[in-house]
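Subject: Structure handover

Hi,

Here is the structure I promised to pass on to you. Please have it open while you read, as my notes follow below.

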Amino acid sequence: MTGLDLAAPQMQRIERDGDVVAARQIGRHLAAEIGFSRPEQALIATAISELARNIVSYAERGMISFAAVDAERRQGLRITAEDRGPGIADIHAAMTDGFSTGNSLGLGLPGTQRIMDEFDIRSAPGEGVTVTVVKWKSR
Amino acid sequence: MDDIIASSGGRHGPPGGQIADQLRWFDITETDRRQAEALAVTADELAEQIIEDFYAHLLSFDDARRHFRSDEQIARVKKGQLKYFRELVTAALDEDYVRNRRQIGQIHERSGVTPTLYVGAYAYYLHRLGHRVMDRMQDDPGRALALLLSLIKIAHFDMAQALETYVEAREATIEQREREMSELPTPVLQLRDGLLLIPVVGTLDSYRARSLTVKLLEGIRDHRARAVVLDITGVAAVDSAVANHLIQTMTAARLMGASSVLTGLSAEVAQALVKIGVTGEALRTAGDLQHGIEMAERMLEI
Ligand SMILES: Nc1ncnc2c1ncn2[C@@H]1O[C@H](COP(=O)(O)OP(=O)(O)O)[C@@H](O)[C@H]1O
Ligand SMILES: [Mg+2]
């Protein structure tokens with residue numbers, strides 16, 4: 001792509017329900033291109049859904065970006081969900097099954113960690129949340 | 001001019017029209033193209049410095065900075081921009097060119113680069129270049145101005161291409177959203193006295209999940225149902241929010257006196273639910289539709 005390219009193509013702005021669906025579709029598509037199996041694609045789509053929905057629910061708006069990654073002959077998909085919302089005061093609590101300030105199941109973050117191979121969450125109150133996850137293709 | 005404006009809303013008006021019409025609308029002539037091209041060497045020489053300045057400017061804004069993840073990305077984008085500005089003064093303003101420019105608008109719309117950011121970036125470039133060209137051509141300011149005015153025309157034409165797509169992409173997004181919401185109505189089928197079947201197809205986002213709850217509860221009331229089979233064979237992806245909606249829907253059904261069974265979970269959906277930690281206890285499920293209906297019939301007998 002040439003152009004006044006202010007953004008990497010594999011980014012999805014997240015502001016509402018429809019964006020969650022769009023992010024899921026982009027992720028699924030990329031996962032298929034990388035060669036993930038269908039069940040793996042579904043798991044990845046679920047993880048994207050969780051991260052995107054958290055942005056809509058708790059931070060109003062944010063961004064999800066996707067990148068194919070390569071390491072030691074392994075291929076994978078890296079997903080970064082980023083917002084500048086209120087942030088998470090107690091990350092340990094947020095990562096606990098069943099903890100929710102939104103009156104929902106409280107399984108999104110811990111579930112995403114179980115689905116993905118790598119999981120990194122960074123946040124400070126008032127500074128938003130950045131979650132970076134990687135799924136490696138099984139060999 | 002009045003005529004042109006009056007006709008611009010029509011289907012064949014300049015904004016979305018043929019390239020030749022658009023060029024006429026922007027009053028871009030052969031002379032303009034030649035004059036812009038005369039800036040090619042200068043623009044080439046200056047581009048790198050201007051782009052460096054531009055990024056320093058850009059990165060001093062939080063909103064803009066969040067679009068850049070790494071130094072490599074910035075380097076890549078800078079390189080793309082060199083090419084872009086080179087093309088601006090030399091490119092044939094043809095269909096390939098327009099197609100390329102329109103793709104950029106689409107990418108920007110999707111990733112949330114606002115028209116303000118885009119137009120502002122442009123203005124910055126033109127302004128910087130303008131000053132330097134005037135400096136270099138001090139002995140002939142009249143010609144410098146003429147060249148720059150031609151470039152500005154072409155730049156506006158170029159900008160219009162991307163902005164046009166912003167609007168189109170926006171509209172397409174809205175349209176798609178409306179379609180998703182209205183299509184695939186959730187039918188409520190009465191299998192026999194007191195027994196309902198609700199097949200769910202497509203994406204179960206929050207909106208549809210809410211309307212599913214309403215449909216189910218209305219169905220129970222209208223048909224005096226005591227058992228409901230909720231079949232999600234047609235649902236490709238779930239997450240904890242969808243699971244939560246299903247649990248709440250089934251709980252609400254119970255409060256209205258109807259038991260419910262969930263059927264049609266694909267292996268993929270089931271695996272995803274297990275991974276995120278939704279337990280079988282939270283949702284009463286049956287292996288397939290047939291079993292689900294049998295289970296519901298037994299519930300009727302109780
Ligand atoms: N992007 C975010 N910004 C602020 N708070 C968040 C964000 N994502 C998650 N949280 C907090 O972490 C909690 C747990 O999130 P999650 O595991 O997805 O469960 P749930 O969304 O069901 O509450 C949320 O209730 C919320 O308090
Ligand atoms: Mg969540």
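**Salt bridges within the chains**

At 28% relative accessibility, B:Asp21 counts as partly exposed. Before going further, please keep in mind that this is a predicted model. The partner of B:Asp21 is B:Arg24, and the closest N and O atoms of this salt bridge are 3.9 Å apart. B:Arg24 is exposed, at a relative accessible area of 64%. Because the two residues are 3 apart in helix 2 (residues 19-25) of chain B, about one helical turn separates B:Asp21 from B:Arg24.

A second pair in chain B is B:Lys78 with B:Glu52, whose side chains form a salt bridge at 3.2 Å, N to O. This one links distant parts of the chain: B:Lys78 sits in helix 6 (residues 71-90) of chain B and B:Glu52 in helix 4 (residues 40-58) of chain B, 26 residues apart. B:Glu52 is partly exposed, with 37% relative accessible area. Chain B also has a network in which salt bridges with shared partners join B:Lys83, B:Glu87, B:Arg101 and B:Asp158.

In chain A, have a look at A:Asp120 and A:Arg122, whose side chains meet in a salt bridge of 2.6 Å, N to O. A:Asp120 is partly exposed, with a relative accessible area of 27%, while A:Arg122 is exposed at 55%. Over all chains, the count comes to 19 salt bridges.

**Where chain A meets chain B**

On to the interface. Here 42 residues of chain A are in contact with 56 residues of chain B. Between them the two chains bury about 4,300 Å², and 53% of that is on carbon and sulfur atoms.

How many salt bridges are there between chain A and chain B? The count is 2. One pairing to look at is A:Arg38 with B:Glu268, where the side chains meet in a salt bridge at 3.9 Å, N to O.

On the side of chain A that touches chain B, at least two residues each come from strand 1 (11-14), helix 1 (17-34), helix 2 (38-59), strand 2 (62-71), strand 3 (74-83) and helix 4 (108-115) of chain A. By class, that side of chain A has 16 nonpolar, 13 polar and 13 charged residues.

**B:Thr203 and its surroundings**

B:Thr203 is worth a click. You will find B:Thr203 in the loop between strand 2 (195-202) and helix 10 (206-223) of chain B. Leaving aside neighbours within four places in sequence, B:Thr203 is in contact with A:Val21, A:Arg24 and B:Arg208. Its relative accessible area is 27%, so B:Thr203 is partly exposed. The C-alpha atoms of B:Thr203 and B:Ala237 are separated by 7.2 Å, although the two residues are 34 apart along the chain.

**The two sides of a helix in chain B**

Lastly, helix 3 (residues 30-37) of chain B. Its buried residues include B:Asp32, B:Gln35 and B:Ala36. These cover an arc of only 100° around the axis, so they lie on the same side of helix 3 of chain B. Which residues are exposed on the other side of helix 3 of chain B? They are B:Glu30 and B:Arg34.

Terms used:
Residues numbered from 1 in each chain as written. Chains lettered and ligands numbered in written order. Predicted model: local features only at pLDDT ≥ 70, side-chain atom pairs only at ≥ 80, totals over all residues. Heavy atoms only, no water. Contact = heavy atoms within 4.5 Å. Buried area = accessible area lost by both parts, 1.4 Å probe. Salt bridge = Lys/Arg side-chain N within 4 Å of Asp/Glu carboxyl O. Helix = DSSP H or I, 4+ residues; strand = E, 2+ residues; numbered from the N terminus. Nonpolar A, V, L, I, M, F, W, Y, C, P; charged D, E, K, R; others polar. Buried < 20%, exposed > 50% of the residue type's maximum accessible area, 1.4 Å probe, protein only. Arc of directions from axis to C-beta.
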